[in-house]
Amino acid sequence: MQRFIERHPVWSLVILIAAVFLLWLILAEWPRGLVAFAGRKKVFLNALLNGITLGGLYFLVASGFTLIFGLMRNVNLAHGSLYLFGGYIGYTVATASNSWILSFIVAFIAMAVLGMLLQVLVFRRMEGEELRQTLVTIGISIVLADILLWIWGGDFYQIETPDWLFGAIKLPIITAVKSSGDAVYMKYPLVRLVILAASIVIGVAMWLALNKTKIGMMIRAGVDDRDMLSATGIRIQLVFVLVFAFGAGLAGVAGVVGGTFQSLAPGEDTRFLLASLVVVIVGGMGSIPGAALGALLIGLSEQFGSVYMPTYAVVLTFLIMVLVLAFRPQGLLGSRG
Amino acid sequence: MVTVAERLSAAGTAHALELLDVSRFFGALSALAEVNLQVRSGEKRAILGSNGAGKTTLFNCVTGDFLPSLGRIRFFGEDVTNYPPHERIRRGLRRTYQISLLFHGLTVLDNVYLACRGVSRGRFSLLRPRRDDALFHSAEELVEAVHLTAVRDSLVAELSYGQQRQLEIALALAGAPRFILFDEPAAGLSPTERSELIEILQSLPGHMGFIIIEHDMDVALRVVESVTVMHNGRIFKEGSPEEIESDPQVQELYLGGGHG
Amino acid sequence: MAAIDQETSQSSVAQTSPRRAQLPAWIENTHPAFWLLALFLLFLPAFANDFFQFQIMGWTFILGMIALSLMFLAGYGGMVSLVQMTVAGCAGYMVAIFGTSAADAISLQWPWWIVVPVALAIATAFGTISGALAVRTEGIYTIMITLAIAAAFFYFTRQNYVIFNGFSGFNQIRAPVVFGIKWNDATPFYYLTLFFAVLSYAVVTYVSRAPFGLALQGIRDNPRRMEALGFNVTAHRIAAYAFAALIAAVAGILLTWQNGQISPGTAGIGAVIDILVIAVVGGLRRPIGPFIGAFIYVLLRTFALDILTEVGLDPKRFKLLIGFGFLAIVFFSPDGVLGLWDRWRARQKARSISSASGDSS
């Protein structure tokens with residue numbers, strides 16, 4: 001942090017001013033001129049919160065993708081299929097058992113097992129052959145998409161929010177002041193906030209596990225130097241399988257999350273695959289903090305885009321990607337080479 | 001800087017290659033530390049040193065395979081420090097690689113032809129060259145110069161190790177090089193191939209200077225007029241072959257287990 | 001240039017032998033089967049019906065050209081670009097926007113001889129810019145970035161109504177009438193697509209041994225060494241994207257004429273992946289591969305429904321069939337159908353040699 005300020009004093013100042021301005025936007029009562037220019041504060045706050053929570057969902061999907069890539073250089077283009085598959089399984093479990101929590105567990109385990117199979121049957125056989133791996137995962141995603149369509153059909157599914165998370169929560173943020181002088185407080189669906197909190201917890205836990213535990217540090221060293229990892233005596237293949245399983249399981253969990261606050265339908269697999277691609281391209285391949293930053297940026301840009309410039313929301317997302325590629329091809333937090 | 005270069009070249013003393021306080025760090029490791037090196041135009045020089053002395057890193061900085069962390073590099077008076085490799089090559093710099101970097105799916109002639117093409121116009125030409133193409137002729141001559149005419153149309157993958165090393169040299173001689181960096185050209189060669197290599201190096205025109213990295217003192221000292229010894233990323237000693245050979249410090253460095 | 005003006009390097013023996021007759025080398029070097037195929041294709045309209053000419057062969061040639069542009073980048077340049085279908089779609093959209101379509105409010109109704117060059121130029125520029133973005137990274141990133149660009153184009157055309165007419169796209173786009181020939185009729189269209197398919201095939205084959213193509217293959221094998229030979233690797237790669245984009249753009253215009261319409265789905269994610277499947281199934285090593293892949297794909301696409309029903313399976317499972325077929329190819333023959341063919345030939349040759357030596361002993 002201190003080093004960043006020393007090295008980029010101008011940027012630090014810009015970031016600081018932007019942060020203060022954002023804080024003011026969130027906390028202050030908006031003056032009339034601003035409302036006339038940018039619309040009601042409630043719309044802004046909603047876009048902001050939706051963007052952040054969507055970013056949380058994107059992070060869940062993309063972090064697994066980036067974790068797998070970071071350690072094994074495996075590009076798993078079937079990652080979106082794992083998301084949708086996990087979501088469908090979660091839906092089926094949730095409707096059958098009426099337990100939201102159980103649906104997470106089952107989706108995680110099912111996708112983790114599928115991930116293990118992928119690692120053992122596909123990736124291990126084609127180690128080092130990136131193109132073939134990519135092609136095979138494309139083939140698998142085509143096959144999976146059709147199988148999912150076969151089983152669950154083309155309908156939209158939504159996983160019901162459990163009672164204890166249902167409804168909105170009043171946030172200590174004023175959206176407007178009534179003529180009577182009473183303040184109107186921001187209300188926001190509780191379930192989204194819980195999911196956001198959960199994804200932050202997962203993200204921080206992953207970061208800690210990779211940076212602060214001994215095995216995590218060895219895995220990270222392995223990312224830079226394969227030979228070193230095997231030299232440390234870690235059973236590298238076992239690590240690979242477990243990391244793959246964890247990443248795939250996360251995609252399944254994300255599917256349940258997505259099914260709860262959005263919906264599940266054919267095509268969502270590609271949507272989330274693309275979202276993960278863009279997130280990791282922007283954030284930096286193989287970097288967990290990068291995935292978090294990328295997910296936040298993309299989530300925000302999608303939400304603000306769809307509120308303030310509906311036709312060009314996609315272009316905004318895309319523009320971010322182009323700018324990053326043009327000026328920092330390795331991604332915002334990615335390392336070179 | 002340009003004026004300095006102009007002045008130097010006007011005085012006829014322009015250096016072919018000039019390194020000013022060049023350092024290169026890999027993380028905390030410094031592979032090159034404040035290296036200052038001047039090589040006259042047409043000068044033939046050897047760089048000796050144990051593994052890890054920074055010789056190949058020096059080459060990589062000069063050719064632009066990676067940029068130096070600090071310092072400037074001048075090529076015939078022109079500051080090329082931040083130029084991409086291909087810009088330096090087009091200015092007459094060439095190099096060979098320690099591990100042969102050749103195009104295994106192409107024929108010997110195609111390899112040399114590409115090298116000739118790389119430093120001439122028409123790199124983007126969509127038209128196939130005609131049989132009487134001048135570049136094609138110079139490629140054939142080069143193939144002959146390194147004694148590979150017999151395997152001209154063979155794929156590089158089918159060549160012997162020695163032949164591949166010779167092809168490396170042909171690639172470096174393509175175009176009109178002004179200065180060449182040879183990275184251990186004799187490594188792994190048989191005695192016959194070795195003497196052929198020495199012959200080729202000795203037959204290079206006088207204006208064509210080079211630096212050669214070579215472990216084999218016998219090869220190196222027969223083809224050069226000056227020697228630089230590197231140790232731990234620094235210049236350790238400079239002098240004529242005779243001076244270096246008889247230098248007690250150098251001998252100690254070489255015999256005292258610096259090797260390896 | 002002995003090595004350079006040949007298809008493959010093995011035939012150098014033929015080069016050193018004194019030249020017979022006055023036939024140009026390229027005729028001598030072409031396998032007789034090629035001439036048979038050429039004759040067959042030339043006279044195909046004499047015995048094939050309109051559906052076969054227009055729908056099967058026309059579509060094969062068009063998809064083959066788009067896949068060929070991918071093959072050029074992937075096979076010679078080592079860059080697997082998924083943006084080629086999008087370039088084709090972009091050209092198609094330009095034809096609809098500048099030319100004539102049912103969407104009067106948008107289409108500018110310019111004459112075809114302005115529309116076609118403009119569409120080619122814009123689509124080529126689009127492909128080149130995409131390439132310039134993609135070459136900033138290497139290897140496997142290329143697939144991801146080009147896929148993201150393709151997706152952005154798809155979503156953008158779907159949301160934008162002012163220029164791209166949103167979800168519905170454009171209808172009633174026809175090939176022009178030139179020299180009194182209705183090029184949208186089955187037989188003229190067949191010859192039109194045949195002409196451009198053969199042209200692009202020939203150009204790719206030719207360029208692959210010209211300095212530009214040779215250097216591209218050098219870059220595929222060893223970019224660092226190419227830099228050290230004086231080649232600007234980045235510029236060369238971008239130029240390759242431009243070259244491939246032009247081929248895809250031509251195919252995109254033909255595709256729009258053939259369909260009579262263009263909509264976001266034309267260059268949707270599915271279509272983008274299909275082009276990759278076609279190129280890989282056919283084989284990425286040689287320019288003929290994409291056309292073989294396209295022919296297989298078109299046949300499956302057209303008849304799989306009937307066949308599946310015939311066999312008693314659900315015709316809706318067509319995608320599953322394609323997916324498994326693709327997986328089988330990637331798993332067992334990375335060089336596609338062409339690879340299978342090469343292996344079979346090699347085995348035949350080995351057998352005949354061993355039997356010949358058996359006779360002589």
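Reader: How far apart are the nearest C-alpha atoms of chain A and chain B?
Author: This is a predicted model, and contact is judged by whether C-beta atoms, placed from the backbone, lie within 7 Å. Chain A and chain B do not touch in it, and the distance between their nearest C-alpha atoms is 12 Å.

Reader: Between which chains are the most contacts found?
Author: Two pairs of chains touch. In one of them, 28 residues of chain A are in contact with 32 residues of chain C, while in the other 28 residues of chain C are in contact with 35 residues of chain B. The pair with the most contacts is chains B and C.

Reader: Which helix gives the most to the side of chain A that touches chain C?
Author: On the side of chain A that touches chain C, helices H7, H12 (268-283) and H14 (313-327) of chain A each supply at least two residues. By class, this side has 21 nonpolar, four polar and three charged residues. The helix that gives the most, with 14 residues, is H7(A).

Reader: Which helix supplies the largest share of the side of chain C that touches chain B?
Author: Helices H8 (186-208), H9 (211-221) and H10 (223-228) of chain C each bring at least two residues to the side that touches chain B. That side of chain C has 15 nonpolar, seven polar and six charged residues. Its largest share, seven residues, comes from H9(C).

Reader: Is H5(A) roughly parallel or roughly antiparallel to H7(A)?
Author: Two packed helices are described by the angle between their axes and the distance between the axes. Helix H5 (residues 79-97) of chain A packs against helix H7 (residues 130-152) of chain A at an angle of about 20°, with the axes 9 Å apart. Angles under 35 degrees count as roughly parallel. The angle therefore makes H5(A), relative to H7(A), roughly parallel.

Reader: How many nonpolar residues does the contact of H5(A) with H7(A) have?
Author: H5(A) passes H7(A) in a left-handed crossing, and the residues that make the contact include A:Leu84 and A:Phe85 of H5(A) and A:Leu144 and A:Leu148 of H7(A). Three residues of the contact are polar and none is charged, while the number of nonpolar residues is seven.

Reader: Why is one side of S2 and of S5 in chain B left without a neighbour in the sheet?
Author: Chain B has an open sheet of four strands with antiparallel pairing, in the order S2-S1-S4-S5. Strand S2 (29-40) and strand S5 (78-79) of chain B stand at the edges, so one side of each lacks a neighbour because each has a single partner strand.

Reader: Which residue in S2(B) stands opposite B:Glu18?
Author: Strand S1 (residues 15-26) of chain B pairs with S2(B) in the antiparallel sense over eight bridges. The residue in S2(B) that stands opposite B:Glu18 is B:Gln38.

Reader: In which helix of chain C is confidence lowest?
Author: Chain C averages a pLDDT of 82, and 90% of its residues score at least 70. Confidence in chain C is highest in helix H11 (residues 233-259), at 93, whereas the lowest mean, 37, belongs to helix H1 (residues 12-16) of chain C. Over residues 1-21 of chain C the pLDDT is below 50. Where pLDDT is low, the predicted coordinates should not be read in detail, and the helix with the lowest confidence in chain C is H1(C).

Note on methods. Residues are numbered from 1 along each chain as its sequence is written. Chains are lettered from A and ligands numbered from 1 in the order in which they are written. This is a predicted model: local features need pLDDT of at least 70, side-chain atom pairs count only at pLDDT 80 or more; totals for chains, interfaces and linings use all residues. Axes are lines fitted to C-alpha atoms, for helices over the stretch in contact, and angles run from 0 to 180 degrees between N-to-C directions. Angles under 35 degrees count as roughly parallel, over 145 as roughly antiparallel, 65 to 115 as roughly perpendicular and the rest as oblique. A crossing is left-handed if the near helix is turned anticlockwise from the far one by less than a right angle, and right-handed if clockwise. Ala, Val, Leu, Ile, Met, Phe, Trp, Tyr, Cys and Pro count as nonpolar, Asp, Glu, Lys and Arg as charged, and the others, Gly among them, as polar. Two strands pair if DSSP finds at least two bridges between them. pLDDT is the predictor's confidence in each residue, from 0 to 100.
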